[in-house]
Amino acid sequence: MLKDITLGQYFPGNTPIHRLDPRTKLLLLIVYIVALFLAVWYVSYLVVAVFLVLVTVIGHIPFKAMTRGLKPMLIFIIFTAVLNIFYSRTGTPLLEWKFIHIYSGGLQTALFMVVRIMLLISGTFLLTYTTSPIALTDALESLLSPLKKLKVPVHELSMMMCIALRFIPTLIEETDKIISAQKARGADFETGSLIHRAKALIPILVPLFVSAFRRADELSVAMECRCYHGGEGRTRMKVLRFGKLDFLAFFFGALLLALVIVLRVFGL
């Protein structure tokens, strides 16, 4: 299960999606999310899904990686679907037995909610797959730069996000190694009551926290040795500039949003 968590992973490449300015990708992700939440019927969701598939194909991202990233969220998706099935009482009654009431509107709402969550997660993961953490940091800092006038520590917040994304795969790999080592010593994490399983996690959490704090200390020492003192006066090796490819991407993003809005007006 831990190996299925792909958040923070970056797939290097030279595709048009990889070459986009990271600010463009962040803004397009916002447009994509808005379009996704404006979708109301099958046609709208199909348009958003086709847009996501096209971006995935152009970015040469393996569909296996996309589906693998959804596995850790499977329980949450099923839980959301069940809640919508049993608590949405619109449409035609399909099943009424004691306290169980299932309506056609509940099934439809559950289906739309599941599709929306899956598309939302996949679109968010696609951003990290095609953009390095450092590029995302520069993009976020650039987009939030007006907040510097309000004394908001934009650079520090962006740096924290970059470090978090960078170390997610590392900590997942470390956790997997600790679990394998504990299982080799006879530890059992899959049987017993809920309390027993919770206690069995202690041999995993303790060394994991120790390892995380050690890595944080090593990182802070390395940053101090390189005279890091915040964002003031710092320059970038790669200056962010919008190009023709970015404006073309903005056009398709605006086209997606406009199409979804038109479909929403017509109830599609």
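Helices and strands here are DSSP runs, numbered from the N terminus.

**Figure 1. Meet the whole chain, a predicted model.** Let's start with the overall layout. The chain holds eleven helices and two strands. Among the 268 residues of the chain, 34% count as buried.

**Figure 2. A nonpolar patch on the surface.** Look for L27, I30, V34, L143, L144, L147 and L150, which make up this patch. Together these residues have about 550 Å² of accessible area. Which helix gives the patch its largest share? That is helix 2, spanning residues 22-38, with three residues.

**Figure 3. A closer look at L144, one of the patch residues.** You can find L144 in the loop that runs between helix 7 (133-143) and helix 8 (154-184). Is L144 buried, partly exposed or exposed? L144 counts as partly exposed because its relative accessibility is 31%, and partly exposed covers the range between under 20% (buried) and over 50% (exposed).

**Figure 4. The second largest pocket, with a volume of about 650 Å³.** This pocket is lined by 25 residues, and those closest to its centre are I17, L28, F51, V55 and F252. Two or more lining residues come from each of helix 1 (16-19), helix 2, helix 3 (42-58), helix 6 (104-130) and helix 11 (244-265).

**Figure 5. What kinds of residues line the second largest pocket?** The lining has 22 nonpolar residues, two polar ones and one charged one.

Key:
Residues are numbered from 1 along each chain as its sequence is written. This is a predicted model: local features need pLDDT of at least 70, side-chain atom pairs count only at pLDDT 80 or more; totals for chains, interfaces and linings use all residues. Side-chain values use heavy atoms; hydrogens and water are left out. Patches are made of residues with over 30% relative accessible area and no salt bridge: like charges are joined within 9 Å, nonpolar side chains (Val, Leu, Ile, Met, Phe, Trp, Tyr) within 5 Å. Accessible areas come from the Shrake-Rupley method with a 1.4 Å probe; for residues, only the protein chains shown count as cover. A salt bridge is a side-chain nitrogen of Lys or Arg within 4 Å of a carboxyl oxygen of Asp or Glu. Helices (H or I, at least four residues) and strands (E, at least two) are DSSP runs, numbered from the N terminus. Buried means under 20% relative accessible area, exposed over 50%, partly exposed in between (1.4 Å probe, protein chains only). On a 1 Å grid over the protein atoms alone, a cavity is a set of points where a 1.4 Å probe fits but cannot get out, and a pocket is an open set with protein on both sides within 12 Å along at least five of seven lines; lining residues have an atom within 4 Å of a point. Grid points are joined across faces, edges and corners, and a volume is the space filled by probe spheres set on the points. Ala, Val, Leu, Ile, Met, Phe, Trp, Tyr, Cys and Pro count as nonpolar, Asp, Glu, Lys and Arg as charged, and the others, Gly among them, as polar.
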